[in-house]
Amino acid sequence: MPRRFYITTAIDYVNGRPHLGHAFEKVIADAIARFHRQRGDVTYFLTGTDEHGQKIARAAEQAGQEPQAFVDQMSKTFIAAWKALDITYDQFIRTSDKRHELAVQELMRRLSVARSPKTGEPAIYEGEYVGLYCEGCEGFKSEKELDEKGRCPEHRKKPKEIKESNFFFRLSEYDEALLRHIEAHPDFIQPGYRRNEVVSLIKGGLEDVSVSRPSLTWGVPLPDEIEGGEGHTVYVWSDALLNYLSAIGWPQRAYTKWWLAKEGETGGPGAARQDEFQELDGQGRPGAAWAGTGQPLFTNAFHLIGKDISRFHCALWPAMLLAAGVPLPRQVFIHGFILLRKEKGEEAGKGDEGGQKMSKSLGNVVDPVALAERFGADALRFYLIDAVPTDGDGEFSLEMFVEHCNTYLANKLGNLASRTVKLVHNGFAGETPTEWAPESFQDPAVREAFAALTAAAEEAATGVPKAYDEIRLDEALSSAWSAVERANEFVDRARPWDLAKDPARRAELGTALGALLETLRLVAIWAWPAIPSKCETLWGVLGLPGTPGEQRGAAARPAFGAAPARRLGEPVILFPRVDLKAASGAPAAAPKAG
Ligand SMILES: [Zn+2]
């Protein structure tokens with residue numbers, strides 16, 4: 001049976017336009033989803049927008065609009081951005097959708113009858129809250145989370161002191177259950193160093209969290225069943241997190257289609273049997289998802305999120321799920337930030353080392369749509385996937401971006417493709433050579449370079465899918481590019497343009513070009529999750545049937561050797577070199593896609 005892969009991203013807050021940090025996460029998620037589809041996994045990719053809360057209400061007011069009209073308009077800018085970046089999500093959820101709002105109310109109902117696993121006290125209680133509230137974070141801050149000036153380190157603003165009646169979720173009593181689960185499933189939180197951060201956070205003690213706020217109208221009202229909850233709306237985090245379930249049909253049983261999977265069909269590591277949670281939850285409540293299951297299913301949801309929201313996803317969310325009787329996700333993968341590096345000649349920021357996280361409130365927004373329009377969606381996708389380690393932070397500046405794309409796309413892959421295709425057009429009238437005789441290479445250095453090329457391709461054929469599968473996307477591309485580099489070295493050694501002059505060396509020429517064409521075919525398959533449109537163009541130029549996104553199993557393995565002739569397309573410049581100095585200030589000179 002094929003594996004089932006359910007991937008979600010953070011849903012973006014619509015108080016501003018999409019920036020490069022948003023784009024980074026969606027591009028990574030898209031490459032992962034494409035990899036799974038390419039491999040034949042049944043895949044569902046969810047993204048969307050987070051549309052409730054005070055910040056939104058205020059932004060709408062400033063824009064002179066009703067909140068709903070404001071979020072309708074803002075969510076469109078995200079949809080348009082993801083279209084411009086070729087993000088192939090299956091569903092775009094908006095938390096102001098009625099169906100989601102009803103699910104949030106059902107979550108609150110379930111929490112209101114749940115009992116905490118430690119003391120059996122109600123999981124939800126009403127209390128007075130006095131706290132420091134950062135409007136930027138939409139969250140309360142403890143003193144120790146603030147910087148030396150008493151400001152939120154992220155938003156560089158002092159939080160407000162707020163006193164109000166709130167409903168609280170007894171998160172403090174879920175620490176042991178969470179630690180037990182994390183210990184039993186080391187893949188639940190990845191990468192490992194992030195898991196350790198979460199473990200110390202939980203060991204340091206969790207505080208109960210507010211799950212409702214009075215007198216904020218732009219949100220989901222608490223359900224009537226919760227006594228004293230009139231006029232309260234659900235805290236934005238509890239509301240937003242539920243999108244991962246409401247989007248796939250929760251509280252209807254249908255949600256298990258993606259949330260859970262049969263043994264052997266889970267989309268990756270970290271899966272837990274659903275009945276494991278009965279012990280953690282401590283209630284064995286009838287109606288819990290694991291009650292009375294004949295065939296136990298395994299957890300299967302994969303959440304891709306940024307490091308700034310790991311505590312919400314690794315503590316609050318799983319604890320709420322335990323209380324609500326829902327099995328946990330299979331894995332939470334935490335990526336880093338893109339730091340914006342100052343261009344040469346720009347004034348360095350004060351007290352700002354190297355770079356800053358990109359966010360709207362800091363005003364250092366880079367527009368991903370403008371970059372994609374100017375340089376092509378695939379160039380931007382390539383930079384975000386290849387130049388940024390999937391498990392850590394990366395940097396962006398226009399200079400670094402252009403240099404990276406010129407080096408790896410134009411000079412390495414683009415050059416290999418264009419010279420190979422030209423040589424086949426010149427030497428074989430555009431038909432792929434049928435000769436295959438590696439033993440005919442006269443020069444030992446050429447034989448050596450040939451062996452290095454085929455070895456690199458074999459290695460990448462295993463290494464690339466493994467790296468994608470393990471969410472090391474930058475390493476997947478490095479592995480693919482090592483074959484590109486060996487191929488370019490082989491061209492330099494074999495000098496096919498010289499071989500073409502000597503009819504007696506036609507077998508050598510045919511073999512050399514055959515090996516290069518096969519390398520290009522493989523690289524188009526391996527790079528497709530990252531740069532789909534360019535790989536499809538290359539696929540067409542190589543005269544291959546179907547698309548690189550459909551190649552799996554034997555068809556995705558190296559097949560160096562004699563092959564029937566096929567007709568190549570015309571040579572194209574896949575990746576035009578970008579000259580930033582010539583292009584700057586002259587948008588008409590921007591390179592064209594294709
Ligand atoms: Zn803040």
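Helices (H or I, at least four residues) and strands (E, at least two) are DSSP runs, numbered here from the N terminus. This is a predicted model, in which local features need pLDDT of at least 70, side-chain atom pairs count only at pLDDT 80 or more, and totals for chains, interfaces and linings use all residues. Residues are numbered from 1 along each chain as its sequence is written.

Colour the chain by pLDDT, the predictor's confidence in each residue, from 0 to 100. The chain averages 92, and 92% of the residues score at least 70.

Select residues 368-375, helix α12. Pro368, Leu371, Ala372 and Phe375 are buried there (20 or more other C-beta atoms within 10 Å of the residue's own, C-beta atoms being placed from the backbone). Look down the axis of α12: its buried residues fall within an arc of 100°, so they line one face of the helix; the arc is that of the directions from the helix axis to the C-beta atoms.

Then step to Gly376, which follows α12 and has a positive phi, near 100°.

Next, select strands β5 (124-134) and β7 (160-169), which pair in the antiparallel sense over ten bridges; pairing requires that DSSP finds at least two bridges between two strands. Tyr133 stands opposite Lys160 in β7.

Terms used:
A residue is buried if 20 or more other C-beta atoms lie within 10 Å of its own, exposed if 12 or fewer, and partly exposed in between; C-beta atoms are placed from the backbone.
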